[in-house]
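This briefing is meant for a reader who is meeting the structure for the first time. Please keep the sequence and the 3D view at hand while going through the points.

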Amino acid sequence: PVAFLVLWQGTPSSGSALFYFETNQLGFTPEFLGRLGLVSAVSSLAGVVAYDQFLKRVPLRILFRNVCIAAVVLGMTPLILVSHANRAIGLPDTWFAIGDDVVLTVLGQIAFMPVLVLGASICPPEIEATLYAALMSVNNLSGGLGNVMGGFATKALGVTESDFTNLPLLIVLTNLSGLIVLPFLGLLPQQEVDERGELVIVKEEDEGDVKSKGVEKEEGKEEAGIS
């Protein structure tokens with residue numbers, strides 16, 4: 001799971017370049033950015049509630065796969081702001097930025113909640129605090145690595161605080177990089193819902209039993225069809 005967390009959080013980000021575009025090109029003021037931060041905080045709470053009510057019983061592999069794909073698609077929405085397409089339909093930049101921030105923050109929080117749950121569930125007895133803190137440190141370090149990678153990509157594409165010609169390309173490339181983690185979903189523990197309706201980690205021997213039962217069911221269906 002730790003390797004997956006590094007890959008998940010370590011993908012490059014275009015956040016810094018987009019920030020300069022919003023402040024230098026669109027003229028977003030510190031006051032508006034403060035309001036945007038407040039909206040983000042409220043949206044994070046909404047993401048926590050959404051996860052708790054609807055998604056906490058979804059296995060990690062399925063949840064991360066769906067969130068990853070949704071993040072790539074929705075992560076392209078800043079292209080509308082960069083190209084000023086929102087103005088064509090009469091939507092001000094500020095309102096679009098607020099709506100976009102709400103959607104992406106809720107999705108980001110939904111993606112982060114399973115990380116916390118996974119960190120708590122895999123910690124062995126008597127060293128829970130130490131191992132959990134280590135996992136969160138790795139998670140934060142990986143996020144910083146993603147920002148550094150995003151900085152390298154920004155520099156390579158020639159995006160500066162005044163030249164945003166290649167910003168759309170940067171947004172596309174950094175978002176597509178989020179698909180890199182899909183082949184590594186197998187690094188996450190296999191989960192299933194128990195009789196109490198709670199998610200539990202399936203051990204390797206249990207996975208083998210589940211697979212063998214599935215094969216037996218298929219063979220039984222084939223025999224029934226032949227007869």
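**Briefing on the chain and its helices**

The residues that are buried in α2 are covered by elements that include α3, α5 (78–82), α8 and α9 (167–176). The model described here is a predicted one, and its chain holds 10 helices and two strands. Followed along the sequence, these elements come in the pattern α-α-α-α-α-α-α-α-α-β-β-α.

**The chain as a whole**

- Of the 227 residues in the chain, 33% are buried.
- When contacts in the chain between residues at least 6 apart in sequence are considered, 76% of them join residues at least 24 apart.

**Helix α2 and what follows**

- Helix α2 takes in residues 15–25, and its buried residues are Ala17, Leu18, Phe21, Glu22 and Thr23.
- After α2 comes Gly27, a residue whose phi is positive, near 75°.

**Helix α3**

- Helix α3, made up of residues 30–55, has 26 residues and reaches 35 Å from its first C-alpha to its last, which is close to the 38 Å expected at 1.5 Å a residue.
- The buried residues of α3 are Phe32, Leu36, Ser40, Ser43, Gly47, Ala50 and Tyr51, and the elements that cover them include α4 (60–74) and α7 (93–121).
- Helix α3 is also among the elements that cover the buried residues of α2.

**Helices α7 and α8**

- Helix α8 runs over residues 128–156, and α7 packs with it at an angle of about 150°, the axes of the two helices being 9 Å apart.
- On the α7 side the contact is made by Phe112, Val115, Leu116, Gly119 and Ala120, while on the α8 side it is made by Tyr132, Leu135, Met136 and Asn139.
- Sorted by type, the residues of this contact of α7 with α8 comprise seven nonpolar, two polar and no charged.
- The crossing that α7 and α8 make is right-handed.

**Cys123, in the loop between α7 and α8**

- Cys123 is found in the loop between α7 and α8, and because its relative accessible area is 12%, under the 20% cut-off, Cys123 counts as buried.
- Leaving aside neighbours within four places in sequence, Cys123 is in contact with Glu128, Leu131, Tyr132 and Leu135; of these, Tyr132 and Leu135 also take part in the contact that α8 makes with α7.
- Between Cys123 and Leu135 there are 9.5 Å in space, C-alpha to C-alpha, and the two residues are 12 residues apart in sequence.

**Ser142, within α8**

- Ser142 lies in helix α8 and counts as buried, at 4% relative accessibility.
- If residues up to four places away in sequence are not counted, Ser142 touches Leu5, Val6, Gln9 and Gly10.

**Salt bridges**

- Side chains of opposite charge can pair when their charged atoms come close, and a search of the whole structure finds three salt bridges.
- One of them joins Glu31 with Arg35, the closest N and O atoms being 2.8 Å apart. The two residues are four residues apart in helix α3, so about one helical turn separates Glu31 from Arg35.
- Another salt bridge is formed by Lys56 with Asp52, the closest N and O atoms being 3.5 Å apart. Lys56 is partly exposed, with a relative accessible area of 33%, and Asp52 is likewise partly exposed, with a relative accessible area of 35%.
- A further salt bridge is formed by Asp93 with Arg87, the closest N and O atoms being 2.5 Å apart. In this pair Asp93 is buried, with a relative accessible area of 10%, whereas Arg87 is partly exposed, with a relative accessible area of 46%.

Notes:
Residues are numbered from 1 along each chain as its sequence is written. This is a predicted model: local features need pLDDT of at least 70, side-chain atom pairs count only at pLDDT 80 or more; totals for chains, interfaces and linings use all residues. Side-chain values use heavy atoms; hydrogens and water are left out. The expected span of a helix is 1.5 Å times one less than its number of residues. Buried means under 20% relative accessible area, exposed over 50%, partly exposed in between (1.4 Å probe, protein chains only). Contact means heavy atoms within 4.5 Å. Axes are lines fitted to C-alpha atoms, for helices over the stretch in contact, and angles run from 0 to 180 degrees between N-to-C directions. A crossing is left-handed if the near helix is turned anticlockwise from the far one by less than a right angle, and right-handed if clockwise. Ala, Val, Leu, Ile, Met, Phe, Trp, Tyr, Cys and Pro count as nonpolar, Asp, Glu, Lys and Arg as charged, and the others, Gly among them, as polar. A salt bridge is a side-chain nitrogen of Lys or Arg within 4 Å of a carboxyl oxygen of Asp or Glu.
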